[in-house]
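Colleague: I have some questions about the terms used for this structure. Can we take them one at a time?

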Amino acid sequence: MSFDATYTRELPLVEGRSSFRELDDVITKPLDTKPSVKWWIGFGISFTALMIGAVCLGLTFWIGIGLWGNNQPVGWAFDIINFVFWIGIGHAGTLISAILFLFRQKWRTGIARFAEAMTIFAVMTAGIFPAIHTGRPWLDGYLLPYPNQHSLWVNFTSPLLWDVFAVSTYFTVSFVFWYVGLIPDFALLRDRTKSGFKKLIYTILSLGWRGSNRHWQHYERVYLILAGLSTPLVLSVHTIVSFDFAVSVLPGWHTTIFPPYFVAGAIFSGFGMVSTVLIIVRKVFDMEHIITINTLEKMNKILLATGTMVGYAYIMEFFIAWYSGNPIELFVFINRAFGPYAWAYWIMFSCNVFFPQLFWFKKIRRNISITFILVLLVNVGMWFERYVIIVTSLHRDFLPSSWGMYFPTIYDFGILLGSFGLFFTLVFLFAKTLPVVAISEIKAVTEGAQPKHH
Amino acid sequence: MDKGADKEKNLKSDGQTYWRSFSELYNNKAFRDALNSEFSSEELNGLRKNSKSSLSRRRFLALLGASAAFAAAGCSNYRGKGQIVPYNKKPEEVTLGIPNYYASTCTGCSSSCGILVKTREGRPVKVDGNPDHPVNKGKICAKGQASIVNLYNPERLKEPMVNEGGRFIQSDWNNVNSKIKEALSSANSSGKQVALISHSVTSPTFKKIIEDFQKAYPVAKLYTYEVFNESARRSAWEKTYGRKSLPVLKLDEARVILSLESDFLGTDPNHIENTRLFTSGRDVMSGKEFNRLYVVEGAATLTGFNADYRIRLRTDAIEEFVLCLISELVVKRKISPFAGDSQVLSMLSGYKLDEFAAKHKLDQKVLNYLLEDLLKNQGSGAVIAGDMLPESTHIAVNFLNEVLGNSKLYSRESESTDVHPLSTSDEIETLISSLNSGNVDVVIHLDSNPVYHFSPDYSYRELLKKVKVVITLTEMINESAELSNFIIPLNDPLESWGDYKTRSGFYSLQQPVIAPLYNTRQKETVLLEWTGRNYSENLYHDYLKENWEKSVYPMLGTTASFDKFWFASLHDGVAFIQEKPEASGLSFSKDAFLKSVPMKASDGYVLLLQNNNTVGDGRFASNGWLQELPHPISKVTWDNYAAVSPQAASELSVNSDDLVEISVNGRKQVFPVFVQPGLADKVIEVSLGYGRTAAGVVGTGVGVDAGVLVSAKPAISDRLYNNISVSKVSGKYELASTQEHYPIDSDPLLKDIHKRRGIIREGTWLQYKEDPKFLEKERHKMDLSPINKPPVYAREDYKGYKWGMAIDMNKCTGCGECIMACSIENNIPVVGKDQVIANREMMWLRIDRYYSGTPEAPKASFQPMLCQQCDYAPCENVCPVAATTHSEDGLNGMTYNRCVGTRYCSNNCPYKVRRFNYFDFRDHFKDSYQYSESFDLMANPEVTIRARGVMEKCTFCVQRIMKEREDAIRENREVIGSNVTTACQDACPSDAIVFGNVNDQDSQVAKYREHELGYTVLEEIKVAPNVTYIARLRNIFEKE
């Protein structure tokens, strides 16, 4: 067997040997030019959706969350579904930038910045829901442990409180991580821009970065530390979100598989969303050679892996429900798959488990249009996963007398739409104001960037 | 610094004489400059006096304060709090914060039960039963409890009204009274009739006033009617026993009860007493064998579902069934002297029980049990027939009771009396014909609503146009008032005086507990005025007192002064007198039986027009609390419906929420369908009292008026029709039910799920007798020992007193009176039909109804479900803000102020007993109807009104527990568990609810908790609930 040199050779991460200058130009082009019509259309749609959500939310504040479909027994519905969904989306970014960084997966470079930004926007979007889902959102401050004259303290046994800490920590760390990564790029932009106003902003944001050796040394050290800090958070945040359910006594919620199952699901959904957005972005901003098809293929492999893990969890839940011998638990799962909400269950199951199996085929992994359809389905499926967990477990629990169906209202859909509106409005603004690819990092992985011994 | 320099200067000018240096002393300019700029810097120069604002510090602070105050005042949106003024002179008996209780009488229906009204600072806040009243003994039905809402109904009429050209103009009493008196005199002089139309008259003094009125206006005639009446029973009684008064049935002594289409535990006006007597024969603590209830019915009533054996039979065949039963006993088994009576034998010759059973597919085994039981318990059995059955059935039932010697159970001491008999249909017929011929000048509706109640056959609405003057005395606008010339606003019963007599041996008194809220008078006063008396506030009070002095006081034969007697009677609410029933012996005559024409069964559909527990005959339609009280069987709120059996539903190809048109001899009405398991095939049940067209914002248009189907000359009885036609019509109508419907037997996943989950645990009396601990063996199969360890979070050890509840399911009939008591006690808002559909009803206590068996012949189990106050409450550890916490005495408390409304507690509650304020329901329902000013007075001041977005739930009436705690502290004693009763416990007519300190081993609740039939719901999830249910035992021969 002859030695195949191409087999061990790494695929180029940036295709077509662009010069550093060309990379700068491509990446900063959206920042230097006036927004295109395409951008305005996209931004307009997103912003309209955001405003629809804002109106629905405003009415909810004014009249009460009775405008939603939540009821007895389904106390949580779209509010918490959206929360868990968006938190899940927010898992890919940190995973890509922190864990893949620690594992020296260089292919992450092209997508890391964008994924991190999406993480931050997704967590921002997610963070709205715990705040608005309460009956009296003006008293949400009670959820924070602050000293007060009533000597009232929060209840540290409540997973909802853990959520408050987990999500705020995650947001802070992700934000700092993202910002630190941006500093060299800000400096580059500062040096490139001709507008005085922009220069001022970039000057402030770049914190006096001059690209000196010492700067780079500190930068690398901080980046490594933050990556180390973020890595456990990627696993812990969704674990804690899953505790909202796992700590309860409700059959269908009270399962020990939830933490790993939720984390896998979160990564799955996060990669789904990152792929969805990147496929559009690389096309719109002509970055096909930076965000390459090889990168997308790698992401599809992760989708296949996590989707299969999620599928394992779905099946394991059934097995445990039967194996536990708990008739109520078993009922809940049979009811999930064959009861009044069976349609939601099978949407979830097919989108998350069946369809991603197509990624076993290389042709499909490398086919952009099929990938796009499949990742869209992953988004749908993962939203329905939370729907299935929350609504179907609540709607038929212990006492058949209190069973009831849940019907979302127009306000529920409006706020769901608004959450997408907020996310994409932020994504559009980001794409227009900040470099969507880490310029400094991408230069390090272009062909010929590293010294070689020949 | 700067300031120092100023001070320095001031000191100088003030002529201070101390100095620090010579240059200072000599006031050298250079020194002064240097001194001024000693710490000079650019910043500090900005603070120099001459560059400072002219605003002084004080003035700045004053302005700051003022602008903050203005801003606060401008932005605040608080309601006017009103004034709280302490009593200048404390009224006698009233202490702020301490409730007063007054005995009175409920006038919600003709039963006239005694009530005890709780008032706080002069305003009634709760109505309970009067414990001294011999009929209802401290209990009162939901309607009676909710009557407090009527008092505060914001839509009550506040002034007399005159109809001027179709519009009602507010008038004053003098004007109205003089005009009416004029009309009455002119009718009197022209010899035209004055028709007084009233519901049944149960007040002797009111009857006397009518007699006075008739003396003043001899043309006046009184007509009385009642939609739900027992005329058939009374006339049957008169025909068979020759007496008008019905003796009271000693239901508590009955060993076997056969109920024929009688809802004596449910919608019967006297169901409170019946329930108490019936369930006293099912006391598991007494150890005595239970009585046995057989129910033969076409409808699906609460009584039927409480039966040990329920036999479904179309209603129009019930009389044939009775005759077959008699024939079986008399002809076949030669029971009773009638066995040798040839007339009787020939009459019964055509009736064969086995043929009948075969024809109607009755279970022969159950019929044998029934026969054996009736025979075995001769003299201690009772056969009861429903009010809607015709006279002939009642006669047959009287005969059957006589055959079995059951007349022993008729009380010889107590009988129901009739102050004034209801008008017969002939009498109403004459009224109609006089109206038709224009012989009636004045019609006075005495708190009655015949336009709505009378059969459409009478065309009463049109006939009223022929009457010169129509006067309606009413509390609220109604259909009859709308067609009147004068509307006289009446006092609420809680603002009125009165006396009532429904039984021999005592009178029941009514006294006002609050001064009239509006410019209203009571009907007795108004009639007295029209007879020529001058109005005074005490007009009727004085009349009543005088009448009592003359007619009641002498019957007492006491030496005590009248005043003493009067005040004692007022205090007690009842006055006992020495009174013998008409005749102590009963003499039965078989003639009526031989002469009566039996009801003919048909093959077609049967229509039953039913009574209900909520709106009654429609007079409570404007009471939202009653409209929202779920029907005890179907759990439907805010509507009536055509209940059809599953078999009929498939025959008519309809399902729940479809529409059907029911037509009876040309009279038609369209109803929404509700498929009711357990109805006899081809029997359709509809409740009367709905579909009011003038009942205020709450009651107008709720449900469909089934009264339009009532015939003036019914073939069977006014509430029972056969051979009716039913057809599906297009369209849908959504009914609001508080319980989800799911197939009860087709889905193996759902069948008997409540039993499989151990929520409902039942057995039979025989099983219990054989093995008192049988329930123990049927406990959850799961091995609980691994989790029977202390849970994660340590909790109180409950060393002192600890509250707990026990509910005896053998006594609970599922009537729902407790729900109303809870709602009124705890200020629970009405949410409206749309919110019930959205599953957001707010009742803290609900009665779960589960079916088992087949949809055709199901068994029902009822279970009151309320917060179980779990020791390891799963709601508590998930609340992020610690708004729900545990108390040392075992209560799961709710701090409304702290609650932010995450609803996590509700999700984690296995019993789903928590209720969330999705809206400000008081604001959301009917355009802030519940925020009307008058309703503010109704609220129980001991219980917080919950804000929007707050979770709430049952707290075992913690306000009552606190009261006992305060009393104990004040009296320096221990808290005594039995001193506290919960509102639901107070209301339970069968005393099925027991509450108290479970640590007190002698307490009743502790005994129930230890009882071998006691179980807790969902014990396997180890939340340690504190509500113990006593498993229901069915007294049947088979094993379950």
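Predicted model: local features only at pLDDT ≥ 70, side-chain atom pairs only at ≥ 80, totals over all residues.

Colleague: Why are strands 18 and 19 of chain B called paired?

Modeller: Pairing needs at least two bridges. Strand 18 (residues 506-510) and strand 19 of chain B have three bridges, in the antiparallel sense. The pair therefore meets the cut-off. Within it, Tyr507(B) stands opposite Ala575(B) of strand 19.

Colleague: How do you know that the length of helix 12 of chain A agrees with its residue count?

Modeller: Its twelve residues, at 1.5 Å a residue, should span 16 Å. The end C-alpha atoms are 16 Å apart, so the two agree.

Colleague: What makes a residue such as Phe331(A) buried?

Modeller: The test is 20 or more other C-beta atoms within 10 Å of its own. Phe331(A) is buried, and so are others in helix 12 of chain A, including Ile328(A), Val332(A) and Arg336(A). The buried residues of this helix pack against helices 11, 13 and 15 of chain A.

Colleague: Which element gives the largest share of the side of chain A that touches chain B?

Modeller: The contact takes 44 residues from chain A and 47 from chain B. Helix 12 of chain A gives the largest share of chain A's side, four residues. That side divides into 24 nonpolar, 17 polar and three charged residues.

Technical notes
Residues numbered from 1 in each chain as written. Chains lettered and ligands numbered in written order. Helix = DSSP H or I, 4+ residues; strand = E, 2+ residues; numbered from the N terminus. Contact = placed C-beta atoms within 7 Å. Nonpolar A, V, L, I, M, F, W, Y, C, P; charged D, E, K, R; others polar. Expected span 1.5 Å × (residues − 1). Buried ≥ 20, exposed ≤ 12 C-beta atoms within 10 Å, placed from the backbone.
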